[in-house]
Structure formats: structure tokens, C-alpha cells
Amino acid sequence: MIAKVVLRVFILALIFNISSTVGYNQAKDRQVPVKVTAKPRKAVFESGEPILIDIDIHNGLKAEIIVQGAVTTPNAWNGETLAIQLPDIYLLPNIRQRYLKRPDVDFPKFVSAPGGLRVRPKDSVRKTIDVSKWTITDGWIPGKYHVLIRVDKIDVDKYTWINVHSDPVFFEIR
């Protein structure tokens, strides 16, 4: 009797394991090959200086994509921050969210629309942001930071847009 129960449990576990592996492989094949990589310009920044991070958006699709916002470097009206989010900002070793507010984008009168950056297949575009423009709890005080960057509303086609996260970025402020 016990042997039959053990055999049934073993068979059910085997079936579950095979079906979940098949499901995982199917999901892996459907992943969208658009990748965001972020890298700070320096490992250590001085307190009060701009904290510049280069964000590369790689298009691995067979068709062109459009990244919202035509500005690629920091400017006075924060145009480079359009469609860029910092959803997770931590001052290590405390894993406590520090994010408060993203910078306002104050379009000048001569800019009629935010525009977009076209990225051809197998190509990439780089945006550089100054993360010190984001308001965080206690300000950008000296310490080691862990930041996650997300690029929002990447137009994949006329019906679809995606948001893509980078791997975590680490830097220090002295």
C-alpha cells in the first residue's frame, strides 16, 4: 500500500517536473531581444558632482524600434530623463528604498513634442543621464549605491511598447 502511494507521488512529481520544464523553454523562446545596459562613467563620484550613467538600448529585433525622447545627453530642461526611471535606489548596506521623485521635464517653447530615437535592427542607441537629478531620501550623500534603471515605452511596433530594466548599477559617492 505504501509502495503504491510512493510510486504515485513519484510519477506525479516527474510529470510536474517535465511539464514545467517544457513551459519554461517555451517562455524563454518568446522573450523580446531588447536589452538595456547601464554603466556609470566612474566607479567613485565626488559629492556634489553630476553622477553620469551611460544607458545603451540594444535592438535585437528584426525591425526598428523607437525610444521615446530625442535628447541623449543631460541638459538644463532634463530632456534626457524622458522615459527613464530609477525604480530602485539603495544606499548600501541598508536595503531600504530611497527614491522620492523623478526630475520634471520642462520643455522649452521651441520643442513641440518629445520625439524619439530610431534604433535599427541589431543596432543600439546611448542615452547619458545624471542620476543626481532624481530626488532621494536624505539626498545623494556619501556611500555606496545600488541603482536599477528602466527605459519606459520603447515602441516595438504600432501596437506594442515595452519597458526594459537594466542589471543593477553600483557606484560610490565620496
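Here are a few questions and answers about the aromatic rings in this predicted model.

Me: How many aromatic pairs does the structure hold?
Reply: A pair of rings is described by the distance of the centres and the angle of the planes. Going by ring centres within 6.5 Å, the count of aromatic pairs in this structure is four.

Me: Is the Trp-140 and Tyr-145 pair stacked, edge-to-face or tilted?
Reply: The centres of these two rings sit 5.1 Å apart, with 45° between the planes. Stacked needs under 30 degrees and edge-to-face needs over 60. So the Trp-140 and Tyr-145 pair comes out as tilted.

Me: How many residues apart are Trp-140 and Phe-171?
Reply: Their rings pair up in a tilted way, with centres 6.2 Å apart and planes at 35°. Trp-140 sits in the loop between strands S9 and S10, while Phe-171 belongs to strand S12. Phe-171 is buried, at 3% relative accessibility. The pair links distant parts of the chain, and the separation is 31 residues.

Conventions:
Residues numbered from 1 in each chain as written. Predicted model: local features only at pLDDT ≥ 70, side-chain atom pairs only at ≥ 80, totals over all residues. Heavy atoms only, no water. Phe/Tyr/Trp six-rings, centres within 6.5 Å; stacked < 30°, edge-to-face > 60°. Helix = DSSP H or I, 4+ residues; strand = E, 2+ residues; numbered from the N terminus. Buried < 20%, exposed > 50% of the residue type's maximum accessible area, 1.4 Å probe, protein only.
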